[in-house]
Amino acid sequence: MPALVFGIVLVLLLPLTAQAAGADIVPDEPQSDEAAEPQVPEAIRLAREYIQALTERNYNTLNRFYSRETEFEDKTAGKKVNGATDILTFLRRIHVYTLAYSFEPDHIFHSGSLVVLIGTYRYRSRGDLFGKPGQTIELTIPGVTTLELDMEEKRIKKHLDLLDYDAMRDQLASQ
């Protein structure tokens, strides 16, 4: 019987001994309740700040993003505007009709200072912009926005939109 008790005690102690020995070989990882947040590339961070200023209609911040050389183009609509002053004037004219405006990105990627944003623009606008006075129009427009950035100056060189205006026309027809 004493041999059986000694064997049981030995079997119970062996895993504890192996664990203690292993702790000396492989140190424990520091415990952290916070998950490591991935680093957002500077170009993507700058693009997000710009899109936020654009959709919030923050003209003071937008003015800091634009220069005399900045190009703003909506390729699908055939509209191109150059220079900070003309771009801001253009945006203010459009935004007069805009009650709410947002961009929901599905994908954002970059190659150096070129950032591509693929997602959905959501608008809530006064109907008189679309020939429907007295109505509130809600539109969901899929699109691609590309931004060429000047990373040193933290400015936009070129803003290019390719938006699905067929989807917009279909939505306007049903409102």
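This report walks through a pocket, a sheet and a helix in a predicted model.

## About the model

Numbering starts from 1 along each chain as its sequence is written. Local features need pLDDT of at least 70 and side-chain atom pairs 80 or more, while totals for chains, interfaces and linings use all residues.

## The sheet

Let's begin with the strands (DSSP runs of E, at least two residues, numbered from the N terminus). Six of them form an open sheet with mixed pairing, in the order β2-β1-β6-β5-β4-β3. β2 (79–82) and β3 are the edge strands, each pairing on one side only; pairing takes at least two DSSP bridges between two strands.

Inside the sheet, β4 and β5 run antiparallel and are joined by 13 bridges. Here V115 stands opposite L147 in β5.

## Helix α2

Helices are DSSP runs of H or I with at least four residues. The 14 residues of α2 (residues 42–55) should span 20 Å at 1.5 Å a residue, and this agrees with end C-alpha atoms 20 Å apart; the expected span is 1.5 Å times one less than the number of residues.

Among the buried residues of α2 are I44, L46, Y50 and L54, where buried means under 20% relative accessible area with a 1.4 Å probe, protein chains only. Just after this helix, R57 takes a positive phi of about 55°.

## Who lines the largest pocket?

Helix α4 gives the most to the lining of the largest pocket, with 4 residues. Elements that each supply at least two lining residues include β1 (71–74), α4 (84–95) and α5 (165–173).

Note on methods:
Side-chain values use heavy atoms; hydrogens and water are left out. Buried means under 20% relative accessible area, exposed over 50%, partly exposed in between (1.4 Å probe, protein chains only).
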